Amino acid sequence: MTSGKHAALIAAVAIVVAIVAWFAPAGLRVAAVLGAAVLVWRLTSRHGVSAAQDQAKVAPGVPAADVKGLADDLMAATEAECQGGEDELKRTLDLIHNASGTLLNNFNTVYQHVQSQRETALQVATTLGGSGGETDGSLHFSEFILDTSKTLDSFVDSTVSTSKIAMGLVETMETINDQVSSVQEILGEIEAISKQTNLLALNAAIEAARAGEAGRGFAVVADEVRNLSMRTNHFSNVIRSHMNQVYNSMNEAHDAILSVASMDMNFALQSKSRLQDTMARLNRMNREMGEAVLRIDELAGMVRDEVNSAAQALQFQDLTCQLIGQVGLHLETLRQIISSLDLAVHDTDNIASGLPAARQRIQETARTASERTSPVKQEDMQSGDIELF
Amino acid sequence: MAKLVLTVDDSASIRQMVAFTLKSAGYEVMEAVDGEDGLAKAKGRGADLVLTDQNMPKMDGITLIKTLRTLPQYKSTPILMLTTESSDAMKSAGRAAGATGWLVKPFDPQKLLEVVKKVIG
């Protein structure tokens, strides 16, 4: 082998190592650069060739098999690394895909549950609050409070008013009693008149008997007057008996009405006050519930905003997967570059012309790779521009 | 009847997000995994709006738009690009192909909804 071929081989191996170093992870990169430096130093010192002496010939004595072996090892190691990198990128893609799908589902489910919760709360509020104005016949809570309040109010009012009327009735009854008593006094007068009339009739009968035949007609009149007196007395007694019954009945009614009138009205007034308290509390509860429902509605809106924001952030999956695809392309380019070199090194008979050709291929590959633009330029997860044409 | 939106994207999570956003607003959503699938589904059922990604296997978004525009059914149907691509050159190519608008990912679900409402009501 000529020294020119050796120089070309050394340069080629150094390029391979440098390329591996360029794409290797940070840790490996240092080791690879050091390796390249050691390799160049060993080959140049052994054969007396300086790296700077581009045109110098490599000293004879380096077996071509060593150089080919080294190139093969490099190729195999690079291939293994590229393959390992691609496998791991694929696993990364799968993991990101699975996790983002699950997260998105979770967020959507949370959103749907919060929406159902909100709808349930609104439904409860509509039913109880009566704000919906439905005509489905269902009783709304606020209407119920109003109805009950009105009914109980009028009940208490009528109880109080009954008591007042009863007190008025007691007075009226007492007036009637007085009048019944005065009727009885008048009946006494009538009885006295009847007695006196009876007495007068008796005297007239005596005077008629004494007048004999001339007084016979008068005796008949005296008899009739006496009859009238007795009938008057009889009617007076009947009236007195009826009046007594009226008097007794009135007394009983008076007592009953008095007991109604003298019932303690405080219980009704206290009930009214308690009822007003209860109704005020129910109204307050109703209002607080309305406020709680509004708050639930507001929170549902906030959850929706957060879920939207999460949905936006979760699109990192699409962006990172495309970037990982780009990393895959870089690995493929690296593989092509190494492969170009490997081909040239194996053709030892034509290496002098093969290396420049390999160099050209590598430059071509590198140029094509540099023209490739990444589809992802985003640097954060802010929402992108929208343009309507 | 609900308007039908066809979402074409090779990323399942983007399809899922678009579907969730639009379905919750009452739209019907049909999904396709790449340009070819999108074309077949668009032919199968007339969509009121097509939302497509650019970089997809088999057929990219711009090719899909060009092909759809040759169909009488899709001559004036709104077609929006939803992609990570944001270069002016790409946008011009999309516009020339017949895209109605260009949305750069990631998208804000609310904004997507506003645009869809604006375009198809």
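Predicted model: local features only at pLDDT ≥ 70, side-chain atom pairs only at ≥ 80, totals over all residues.
UniProt, in an unreviewed entry, puts the feature "modified residue: 4-aspartylphosphate" at Asp53(B); UniProt positions are given in the numbering used here, feature names are shortened, and annotations may be inferred rather than shown by experiment. Asp53(B) sits in the loop between β3 (49-52) and α3 (61-70) of chain B, where helices (H or I, at least four residues) and strands (E, at least two) are DSSP runs numbered from the N terminus. Setting aside neighbours within four places in sequence, Asp53(B) is in contact with Val8(B), Asp9(B), Asp10(B), Gly61(B), Met81(B), Leu82(B), Thr83(B) and Lys105(B), contact being heavy atoms within 4.5 Å.

Pro106(B) itself belongs to the loop between β5 (101-104) and α5 (109-120) of chain B. Back in the loop between β3 and α3 of chain B there is Lys58(B), which has a positive phi of about 70 degrees although it is not a glycine. Lys58(B) is exposed, at a relative accessible area of 66%. Most residues other than glycine have a negative phi, and most peptide bonds are trans.

Now for chain A. Chain A has eight helices and one strand, and from the N terminus on its elements run α-α-α-α-α-α-α-α-β. Of its 389 residues, 29% count as buried. Among contacts in chain A between residues at least 6 apart in sequence, 80% join residues at least 24 apart.

Helix α4 (residues 141-211) and helix α5 (residues 216-261) of chain A have axes that come within 8 Å and cross at roughly 165 degrees. That makes α4(A) roughly antiparallel to α5(A). By class, their contact has 28 nonpolar, 16 polar and four charged residues. Axes here are lines fitted to C-alpha atoms, for helices over the stretch in contact, with angles from 0 to 180 degrees between N-to-C directions; angles under 35 degrees count as roughly parallel, over 145 as roughly antiparallel, 65 to 115 as roughly perpendicular and the rest as oblique. Ala, Val, Leu, Ile, Met, Phe, Trp, Tyr, Cys and Pro count as nonpolar, Asp, Glu, Lys and Arg as charged, and the others, Gly among them, as polar.

Two residues give a look at this pairing. Ser194(A), in helix α4 of chain A, is buried at a relative accessible area of 3% and touches Ser229(A), Thr232(A) and Asn233(A), not counting residues up to four places away in sequence. Val225(A), in helix α5 of chain A, is partly exposed at 31%. With neighbours within four places left aside, Val225(A) is in contact with Thr197(A) and Ala201(A).

The axes of α4(A) and helix α6 (residues 266-313) of chain A come within 10 Å and cross at roughly 170 degrees. The two helices are therefore roughly antiparallel to each other. Residues of the α4(A)–α6(A) contact divide into eleven nonpolar, six polar and three charged.

Residues are numbered from 1 along each chain as its sequence is written, and chains are lettered from A and ligands numbered from 1 in the order in which they are written. Local features need pLDDT of at least 70, side-chain atom pairs count only at pLDDT 80 or more, and totals for chains, interfaces and linings use all residues, while side-chain values use heavy atoms, with hydrogens and water left out.

Technical notes
Buried < 20%, exposed > 50% of the residue type's maximum accessible area, 1.4 Å probe, protein only.
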